[in-house]
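Me: I'm new to this one. Can you walk me through a couple of its helices?
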Amino acid sequence: MNEEIRKEALSLQRELTEHSYRYHAQDDPVISDIEYDKMLKRLIEIEEEFSELSSPDSPTKRVGAPPLDSFEKAVHSVPMLSLDNAFNDQDVLEFHKRILRLIGQEETVTYIAEPKLDGVAVELRYENGTLVRAATRGDGVTGEVITQNVRTIGSVPLRLKEDRLKAPELLEVRGEVIIKKADFKKLNKTRLDNQESIFANPRNAAAGSLRQLDSKVTAKRPLDIFVYGTGLVQGLEFKSHSMLLEILKEFGLPVNPNIRAGLAIDKVLSAYKDLEAQREELPYEIDGMVIKVDEIEIQRQLGEKIKSPRWAIAYKFLAMQNTTTIKDIVVQVGRTGVLTPVAVLESVNIGGVMVSRATLHNEDEIRRKDIRIGDKVLVMRAGDVIPKIVKIFEDERKGTEIPFEMPEQCPVCHSKIEKFKLDRSYINRCVNASCQAQLKERIRHFVSKKAFDIEGLGRKIVDQLVDEGMIRSFFDVFTLEKEKLSGLERQAEKSAANLTEAIEKSKKITLPRFLYALGIEHTGENSARLISQRFSSLDDIMVASMADFESIHGIGPETASGVYSFFSNEENKTIIRQLLNSGVEIKKDELLPIETQDNPFHQKRVVLTGTLASMARSEAERLLGKSGAVVTSSVSSKTDFLIAGTDAGSKLDKAKKAGVRILDESEFLVKMKEV
């Protein structure tokens with residue numbers, strides 16, 4: 001081996017380590033993925049030929065090593081204890097009172113609050129800055145050695161950075177290995193495409209990935225990590241947990257950005273509520289908040305119990321998953337005639353809500369997952385999203401489960417069902433436009449909160465009105481009279497009066513909401529707003545050409561075709577004239593932007609990612625909508641801006657690769673002042 005090869009290997013190791021740190025820890029890559037892969041390929045070639053150049057902290061260790069026969073065991077220098085749980089504010093206050101009693105009431109205690117990641121706990125052992133061992137938590141005393149697998153995780157530094165601080169002689173770091181939500185979705189999609197079983201949740205996927213005997217398999221899984229504490233430490237001093245986390249960040253270890261320190265107990269409770277509100281927007285799964293005494297000396301005074309420290313507690317969120325049984329599978333007919341299978345479940349409490357139904361999407365989904373009536377299943381609920389089935393427990397089948405068959409006729413009007421291809425799946429549709437089920441769904445959409453917003457016209461009342469023949473079209477909604485309504489079941493005179501008052505009040509509506517209410521195919525809130533910005537009145541929209549709609553920035557060909565077809569239909573024009581004649585008045589929308597040259601967001605495609613400190617994401621979307629922006633959920637080459645808050649995820653990486661202009665929160669706020 002000559003000296004040039006040795007220098008090249010050392011140079012590649014240094015450069016690749018730095019690029020990995022910039023990519024995973026700083027979200028600031030300075031080379032492309034292709035360039036990184038070329039450099040890594042060259043280093044692999046050198047180390048395969050000259051094995052003496054392959055060190056434990058070489059970036060080549062991330063691609064995986066030969067399979068293991070089994071996992072070695074390792075005893076933790078300091079036991080990895082579990083945490084006591086709190087389930088309400090009172091539990092947390094009791095935890096605080098116990099601490100005051102133990103250390104003396106006169107002492108002041110401040111806390112640090114961290115998201116409780118729903119992942120897999122691991123310990124990373126660094127000796128003189130180099131990662132030498134990684135182990136699972138195991139039983140808390142003894143874990144399994146998974147060093148080769150952990151080395152494949154891009155966000156784990158194989159050698160600690162030593163820009164300002166020298167690495168200690170020994171540092172055992174504890175953290176949580178996770179898979180982010182977007183990566184988990186892609187992973188399961190790939191497994192479905194490959195006819196493999198899917199993972200129930202990101203935690204199970206992460207656990208299964210870490211316990212692969214072949215680390216080359218682990219290297220293909222999108223694992224990530226956040227560190228939160230230490231085991232045994234030699235050669236490093238710190239007075240508080242928050243100071244420790246700052247030191248770990250300096251060493252290049254990833255620390256969660258949503259940690260809050262210096263909190264009095266009342267602020268701890270506020271932090272919990274804030275975190276719970278952000279839960280669905282975070283790019284990873286969390287199941288609560290960990291509360292720790294910040295000062296290390298007080299932690300030492302408090303000590304530990306047999307299984308848990310006295311200075312920390314986990315304030316758990318309500319569970320968002322639970323197991324139950326499918327009692328039946330029924331078919332619902334939507335407003336466009338699409339048939340959607342729905343699982344009828346044994347009622348189960350998920351996150352404080354009793355769930356009795358879950359969407360099954362379509363017939364292809366049921367076949368891919370082999371879902372049957374009678375199956376025991378894992379159901380997930382996320383925010384306002386309809387609950388869905390994430391796993392079937394096939395091992396618990398008794399042989400009495402019944403496979404589902406999509407009906408050949410509409411379950412409501414008994415018309416023939418036709419199949420249409422949508423992307424790679426087929427959808428079943430009732431083509432009878434007069435189908436009562438479709439009419440009910442169209443009316444529900446028409447009176448919904450984002451449309452005419454008629455309070456009191458709920459699902460059951462709409463069903464009654466359609467069944468009684470009192471509503472046959474949108475126009476009939478505005479002909480309802482108090483006397484007729486009060487004659488309906490469960491409609492007292494007062495309720496009927498309130499409903500007719502709400503109907504009258506709803507007649508004043510903005511143009512975007514009016515367009516959305518019509519239920520035009522492929523036309524959601526955003527498209528309705530863009531069309532309203534382009535045309536000055538409903539009359540202009542009704543006489544616009546296909547080319548006019550296609551020319552609107554942010555409107556795709558499907559939406560343009562759907563809108564043009566809708567307004568070209570004489571029956572639809574008649575319905576609109578009837579609505580206007582009944583007193584519906586389209587008022588000026590104060591939220592519609594005025595197009596100016598100085599408005600940086602007007603007709604620009606914008607994506608939001610991460611958490612904003614100054615406002616909720618919904619408020620940011622409202623402000624962008626007011627500015628005339630097209631707010632979308634995914635990054636593409638057509639995206640104009642990505643607004644990145646803290647803990648931005650894969651969208652940020654994709655935007656950088658696509659050359660999309662990226663704004664941080666402060667830049668976004670400055671630009672909003674220009675609107």
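This is a predicted model: local features need pLDDT of at least 70, side-chain atom pairs count only at pLDDT 80 or more; totals for chains, interfaces and linings use all residues.

Me: Okay, which atoms come together at the start of H22?
Reply: A side-chain oxygen of Asn-569 and the backbone nitrogen of Glu-571. The oxygen reaches to within 2.8 Å of that nitrogen.

Me: How many residues does H22 have?
Reply: H22 has 12 residues, 570-581. From first C-alpha to last it reaches 16 Å, close to the 16 Å expected at 1.5 Å a residue.

Me: Which residues of H22 are buried?
Reply: Asn-572, Lys-573, Ile-576 and Leu-579. They sit on the same side of H22, because they cover an arc of only 120° around the axis.

Me: And what covers them?
Reply: The cover includes helices H12 (436-446), H14 (474-477), H17 (511-517), H19 (538-542) and H21 (557-568).

Me: What's on the other side of H22?
Reply: Exposed residues: Glu-570, Glu-571 and Asn-581.

Me: What follows H22?
Reply: Gly-583, with a positive phi near 110°.

Me: Switching to H16. Which residues are buried there?
Reply: Ala-496, Leu-499, Thr-500, Ala-502 and Ile-503. Down the axis of H16, they fall within an arc of 160°, so they line one face of the helix.

Me: Which exposed residues does the face turned away carry?
Reply: Glu-493, Lys-494, Glu-501 and Lys-505.

Me: What covers the buried residues of H16?
Reply: H13 (459-467), H14 and H15 (482-486) are among the helices that do.

Conventions: Residues are numbered from 1 along each chain as its sequence is written. Side-chain values use heavy atoms; hydrogens and water are left out. Helices (H or I, at least four residues) and strands (E, at least two) are DSSP runs, numbered from the N terminus. The expected span of a helix is 1.5 Å times one less than its number of residues. Buried means under 20% relative accessible area, exposed over 50%, partly exposed in between (1.4 Å probe, protein chains only). The arc is that of the directions from the helix axis to the C-beta atoms. Contact means heavy atoms within 4.5 Å. A polar contact is a pair of N or O atoms within 3.5 Å; within protein, one must be able to donate a hydrogen and the other to accept it, and residues adjacent in sequence count only if both atoms are side-chain atoms.
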